[in-house]
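This briefing sets out selected computed features of one protein structure, grouped by topic. Please read it alongside the sequence and coordinates shown here.

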Amino acid sequence: MKIRKAVIPVAGFGTRFLSASKVVPKEMFTVVDKPIIELLVNELLEAGIEEIMLVIRDGKEIVEKHFEVNKELEDLLEKDNKTTLLNLVRTTNLADEIKVVKQEKPLGFVDAIYYAKEFVGNEPFIVCTGDELVLNLENNCIKQMIKAYEDTNKAVVGVSYTPDDELCNYGIIKYENEGEYLKILEFVEKPKSNAPSNFASNGKYLLLPSFFDVVDKKMATTTGEILIPDCLIELSKQNELVGLELEGERCDTGNKFGFVKANIAYGLKNAEIKDKLLDYLKSIV
């Protein structure tokens, strides 16, 4: 079945970027010249995704507005014959492709995904966190995940090789090799020591409708927040999940180093500034 839909939960408070994120949502921070959320949406559209749901909270309406028409701005650019900028602005007019729903209470990532249950229906779908980028201009990571689904007919969790000193920040998988894919045996959340591998979940998922059945069962027996690793391991036990090491430069913009890294990585791919940026980097090392 063709993958047509995607969900991006963007309801968090971005506390690791205070005070910058006090008013401006973290997803609207720019990487070179585009907001993080726009880069994520573009990645999905390039992979053939047709409909995207953003799960936001009160105070994040600016994320929705970014994808609406700004007639005053467009009229000004048209009047000044700034055709290139006008066309650039119009590429973000995606109200037809993007739907928005508000998460009523801050009950976590899985709860945010659950808001898309009706939107998704009986179709497989992509889920992206609002702060993880994987830079691969030749073969974007969503295309890689779709191929894995087409090969296996299973849900897919994207993982990236992660240095030892960063493993304590992520969910780490214990796995066995299954050809080019990984059989996930266990998720260890932010291990302080003895991590089972160097593969960390990178916030990219391709899920099947059966994911919601797992969540429904957990909701019936759990009063607190339901965690994504707990749901994924249930899918793995049912032989409905594979892991995929994504090819590309992982940039976790949810932390300060990852955000700066993303700006450098994307800047070095930007024809307008790459030479000056490279010269500058050479001059300071």
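This is a predicted model: local features need pLDDT of at least 70, side-chain atom pairs count only at pLDDT 80 or more; totals for chains, interfaces and linings use all residues.

Asparagine 194 lies in the loop that links E10 and E11.

- Most residues other than glycine have a negative phi, and most peptide bonds are trans.
- Asparagine 194 has a positive phi near 55°, although it is not a glycine.
- With a relative accessible area of 75%, asparagine 194 is classed as exposed.
- Asparagine 153 likewise has a positive phi, near 60°, in a residue other than glycine.
- The loop between helix H7 (141-152) and E8 holds asparagine 153.
- The relative accessibility of asparagine 153 is 55%, so this residue counts as exposed.
- A cis peptide bond joins leucine 18 to serine 19, with omega near 10°.
- Serine 19 sits in the loop between strand E1 (5-9) and strand E2 (30-31).

**Packing of H3 against H4**

- Two packed helices are described by the angle between their axes and the distance between the axes.
- For helix H3 (residues 71-79) and helix H4 (residues 83-90), the angle is about 155° and the axes are 8 Å apart.
- Angles over 145 degrees count as roughly antiparallel, and H3 and H4 are therefore roughly antiparallel to each other.
- The crossing of H3 past H4 is left-handed.
- H3 contributes Leu73, Glu74, Leu77 and Glu78 to the contact, while H4 contributes Leu85, Leu86, Val89 and Arg90.
- Sorted by class, the contact of H3 with H4 comprises five nonpolar and three charged residues, with no polar residues.

- Helix H9 (residues 228-237) has seven of its 10 residues buried, so H9 is largely enclosed by the rest of the structure.
- The buried residues of H9 are Ile228, Pro229, Cys231, Leu232, Ile233, Leu235 and Ser236.

**Cysteines**

- The number of disulfides is zero, where a disulfide requires two cysteine sulfur atoms within 2.5 Å.
- Cysteine 128 takes part in no disulfide, and the nearest cysteine sulfur, that of cysteine 141, is 6.5 Å away.
- Cysteine 128 has a relative accessibility of 0% and so counts as buried.
- Cysteine 231 is also in no disulfide, and the nearest cysteine sulfur, that of cysteine 128, is 17 Å away.
- The relative accessible area of cysteine 231 is 0%, so this residue is buried.

**Valine 55 in strand E4**

- Where is valine 55 placed? Valine 55 belongs to strand E4 (residues 51-56).
- Valine 55 is buried, since its relative accessible area is 0%.
- Leaving aside residues up to four places away in sequence, valine 55 touches Val7, Ile8, Pro9, Val10, Ala11, Val101, Gln103 and Ala112.
- From valine 55 to serine 210, the separation is 155 residues in sequence and 20 Å in space, C-alpha to C-alpha.

Notes:
Residues are numbered from 1 along each chain as its sequence is written. Side-chain values use heavy atoms; hydrogens and water are left out. Axes are lines fitted to C-alpha atoms, for helices over the stretch in contact, and angles run from 0 to 180 degrees between N-to-C directions. Helices (H or I, at least four residues) and strands (E, at least two) are DSSP runs, numbered from the N terminus. Angles under 35 degrees count as roughly parallel, over 145 as roughly antiparallel, 65 to 115 as roughly perpendicular and the rest as oblique. A crossing is left-handed if the near helix is turned anticlockwise from the far one by less than a right angle, and right-handed if clockwise. Contact means heavy atoms within 4.5 Å. Ala, Val, Leu, Ile, Met, Phe, Trp, Tyr, Cys and Pro count as nonpolar, Asp, Glu, Lys and Arg as charged, and the others, Gly among them, as polar. Buried means under 20% relative accessible area, exposed over 50%, partly exposed in between (1.4 Å probe, protein chains only).
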